[in-house]
Amino acid sequence: MLTTKRAILATALALSGVAHAISLEPAPGLNVNQPYYAPESFVQQESLPIVDIRGVKSSEYAELFEKEVGEEVRRGIKEAKYVYKLAGIDVVEFEKRSMKVLENSRKLNPDYFEVVEALAKVGGISVETMFTLSQLDAALASAAQSSLSGCTTVSFADTGVVGQVNDTPSLSGGNYWVLQADDYVQVMASGFYGSGQTLGKDIGVVINFQGTDSQGVGLQSDSAIELGALQNYLVRNAKSVDDAEKILDKYRTVVASHFNFADSNGDTVGVEMLEGDNYVIKRPAGIGHANHSERPGVMQSFAESVGLAEKSKERTIATAYTEWRAEFAQQFIDNTPEGNVEAAKYVLNTKPIAQHAAYGSDFISTLTAVMDTKEGCLEVAPGVGEWNDFQKVCLEK
């Protein structure tokens, strides 16, 4: 097991960002020193439960969640508390500091909080505590304990396809499920909160957290919204990527994040949500993004500040492959003759984008998700796509 001090030192140079947690110890059975190009198969979860709330009254959510994913919710809460403990973060204290974000999020998206409240009931904890446990990325950033690491997103112009690999510490994997409603499909992570892959009837969105080169709005901002609540609001209220861009002028995630969008018109946009003005990315063929800001010169300045001015193997590993992943993804998008669902699955399943445990790190791809906004379908597989079958969930358009 890595101590907290060792974990902080190990991640001090990492730019790339995980959606959920700090890497403090690997999941049981995971070899973190595998050959990079010959990884061992590591399947934490073979399929995802799909929980359908269409036609279900909100007063009946808790009963349904208990039946379908009760064990997953309670397991996720237990594991989240454990990771907080490993990271040395006081849940009670951080809960007090997170109340502004809770208030903002509930006000913006009360419908989503009916889901949160039902899950809290299933988990046997307060809504406030459940909400706080879902904010681990913000807790770590606030405590300045780690850079965030992982995740690559892709979107393809004209086809309306968008997708990502969700890279997390291995302890945060193996407990995903899908929430299906009348007007959205949302992946839930760690048993109880929105993971960052959400599809509406007109638009789909995926996420990268950004690393130490960027700052978010923080916990006390009037614009700070919890990730799951914000993505849920976006796909239910934006009819196009232009609408989404305008919404994100008003509302942000607590830590610096990048949302990659595609809509059913075939348009794409990337929005880096930052402390000041957002940085908007528009490219002819679509957008590939990893975990550093695409603002000109930012990545290079950061690399120089930690003594890695020249591109090298050491810089690639120290920055968790973020430059390589982003460049690889963008080159694929710019040159592929097809930008369909199969193309997205292919590139997301290819190194350096697909993450396996290597060089002592247990940051791995714990989910692969691809959305076709024109068809209105999400395809999702736990872990690396080649190790599990994709499950398809569609909206009625």
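Does E342 count as buried or exposed by its relative accessibility?

A: E342 counts as exposed, at 52% relative accessibility, where exposed means over 50% relative accessible area, buried under 20% and partly exposed in between, computed with a 1.4 Å probe on the protein chains only. This is a predicted model, in which local features need pLDDT of at least 70 and side-chain atom pairs count only at pLDDT 80 or more, whereas totals for chains, interfaces and linings use all residues. Residues are numbered from 1 along each chain as its sequence is written, and side-chain values use heavy atoms, with hydrogens and water left out.

The partner of E342 is K345, and their side chains meet in a salt bridge at 3.5 Å, N to O; the term stands for a side-chain nitrogen of Lys or Arg within 4 Å of a carboxyl oxygen of Asp or Glu. Both residues lie in helix α13 (residues 341-348), 3 residues apart, which is about one turn of the helix. Helices here are DSSP runs of H or I with at least four residues, strands are runs of E with at least two, and both are numbered from the N terminus. In contrast to the exposed E342, K345 counts as buried, at 14% relative accessibility. Salt bridges that share partners join E342, K345 and E379 into one network.

R236 is partly exposed, with 23% relative accessible area, and D111 counts as partly exposed at 44%.

K311 and E327 form another salt bridge, with their closest N and O atoms 2.6 Å apart. K311 lies in the loop between α10 (298-305) and α11 (313-318) and E327 in helix α12 (residues 322-335), so the pair ties together parts that are 16 residues apart in sequence. Of these two, K311 counts as exposed at 53% relative accessibility, while E327 is partly exposed at 42%.

Strands are said to pair if DSSP finds at least two bridges between them. Strand β1 (residues 50-52) pairs with β4 in the parallel sense over 3 bridges, and I50 stands opposite V178. On the antiparallel side, 4 bridges join β4 to strand β5 (residues 184-189), where Q186 is the bridge partner of L179, and a hairpin of 3 residues joins β4 to β5.
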